[in-house]
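I set down each item in the order in which I looked it up.

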Amino acid sequence: MDPAVLRADMVDGLESPPRDVLSDDAVATAMCTVPRHEFVGDERTAYADRDHDVLGTRVLSPSTVARLFEALSATDGDTVLIVGAGVGYTAAVAAELVGETNVHTVDIARPLVFESRANLAEAGYDGVLVDWRDGADGLSEYAPFDRILLEAAAVRPPRRLVEQLTNGGRLVFPCGTHRQRLEAVSSDGDRNRFGAVSFDPLLIDGEQHGAVERNRTAREDREHANRNAQSRRGWQFEWIEWESSLGG
């Protein structure tokens, strides 16, 4: 069957009961346009409302993608950062919404960076920037962003991502561990909650597919240590001042 017909049927299903997860016309048009089969690799099932597994990552179902973009509320001309490049499908939808040169995406897994770049180029979105790095650090070289989409669960909004929002910007992420809800956080700290979701946790280097498992608290430990170092006012400072007074 013609992929364009399959895409139209997919979007119609997302807009109608029982799913009823898509009401934004711009998102509907974007999902009708992006050739999902170029990213999934299986034209027979690409437009079914189901997840796919590619290179150890989960390609989100169309209904989940629709929910993410409904919460993100990106408009033409917005600068967008997607943390979790995956195979590139979400970035392609974002490119249809805001323009491909306004979309930046990162992933901690090198194979997925290469896969995403190849898929986006093949599908006609080679203007999207795809970079390899720890997603919790964002992409400061291109900040600030009007919208940031984190496709991994965290117990709180990653500090570096919030810092890279424009005034009035919005970060959308799955909040929680076992029980997760989709949340939108604005640059001034306002938070909106949406429905329940289920995402894998935000990874640190060493936890990606094919790597040796490492302690998932390593990032939190590092950030905690940095905060303590910046706020410390204890005996070491008093000792330095005491030494200075002796020398004076």
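**Entry 1: salt bridges of Glu-183.** I looked up the partners of Glu-183 and found that its side chain meets that of Arg-191 in a salt bridge, with an N to O distance of 2.7 Å. The model is a predicted one, and I read these distances as computed values. Glu-183 also meets Arg-193 in a salt bridge, at 3.3 Å from N to O.

Arg-191 is partly exposed, at 42%. Arg-193 reaches 58% and is therefore exposed, the limit being over 50%.

Entry 2: How many salt bridges does the structure hold? I noted nine. One of them joins Arg-133 to Asp-131, and the closest N and O atoms of this pair are 2.8 Å apart. Arg-133 is partly exposed, with 23% relative accessibility. Asp-131 has 21% and falls into the partly exposed class as well.

**Entry 3: a negative patch.** Asp-9, Asp-12, Glu-15 and Asp-25 form a negative surface patch. Which element supplies the largest share of the negative patch? I found that it is helix H1 (residues 3-15), with three residues. I examined Asp-9 individually: it lies in helix H1, and its relative accessible area of 48% makes it partly exposed.

**Entry 4: helix H5.** Is H5 mostly covered or mostly open? I found it mostly covered, since nine of its ten residues are buried, that is, under 20% relative accessible area. The buried residues are Tyr-89, Thr-90, Ala-91, Ala-92, Val-93, Ala-94, Ala-95, Leu-97 and Val-98.

I took Thr-90 for a closer look. Thr-90 lies in helix H5, which spans residues 89-98, and its relative accessible area is 8%, so it is buried. Leaving aside residues up to four places away in sequence, Thr-90 touches Phe-69, Ile-82, Leu-149 and Glu-151. I also checked the position that follows the helix: just after H5, Gly-99 takes a positive phi of about 100°.

**Entry 5: cis peptide bonds.** I went through the omega angles. The peptide bond from Pro-17 to Pro-18 is cis, with omega near 5°. Pro-18 has its place in the loop between H1 and helix H2 (25-33). I noted a cis bond from Ala-143 to Pro-144 too, again with omega near 5°. Pro-144 is found in the loop between strand S5 (129-132) and strand S6 (145-150).

Entry 6: Where does Leu-55 lie? I located Leu-55 in the loop between strand S1 (52-54) and strand S2 (57-59). Its phi is near 50°, a positive value in a residue other than glycine. Leu-55 is partly exposed, with a relative accessible area of 43%.

Ser-73 gave a further entry of this kind, with phi near 55°, which is positive although the residue is not glycine. I placed Ser-73 in the loop between helix H4 (62-72) and strand S3 (80-83). Its relative accessible area is 32%, and Ser-73 is therefore partly exposed.

Key:
Residues numbered from 1 in each chain as written. Predicted model: local features only at pLDDT ≥ 70, side-chain atom pairs only at ≥ 80, totals over all residues. Heavy atoms only, no water. Helix = DSSP H or I, 4+ residues; strand = E, 2+ residues; numbered from the N terminus. Buried < 20%, exposed > 50% of the residue type's maximum accessible area, 1.4 Å probe, protein only. Contact = heavy atoms within 4.5 Å. Patch = residues over 30% accessible without salt bridge, like charges linked within 9 Å, V, L, I, M, F, W, Y side chains within 5 Å. Areas by Shrake-Rupley, 256 points an atom, 1.4 Å probe, with all protein chains shown as cover. Salt bridge = Lys/Arg side-chain N within 4 Å of Asp/Glu carboxyl O. Lys, Arg positive; Asp, Glu negative; His and termini not counted. Charge placed at Lys NZ, Arg CZ, Asp CG, Glu CD.
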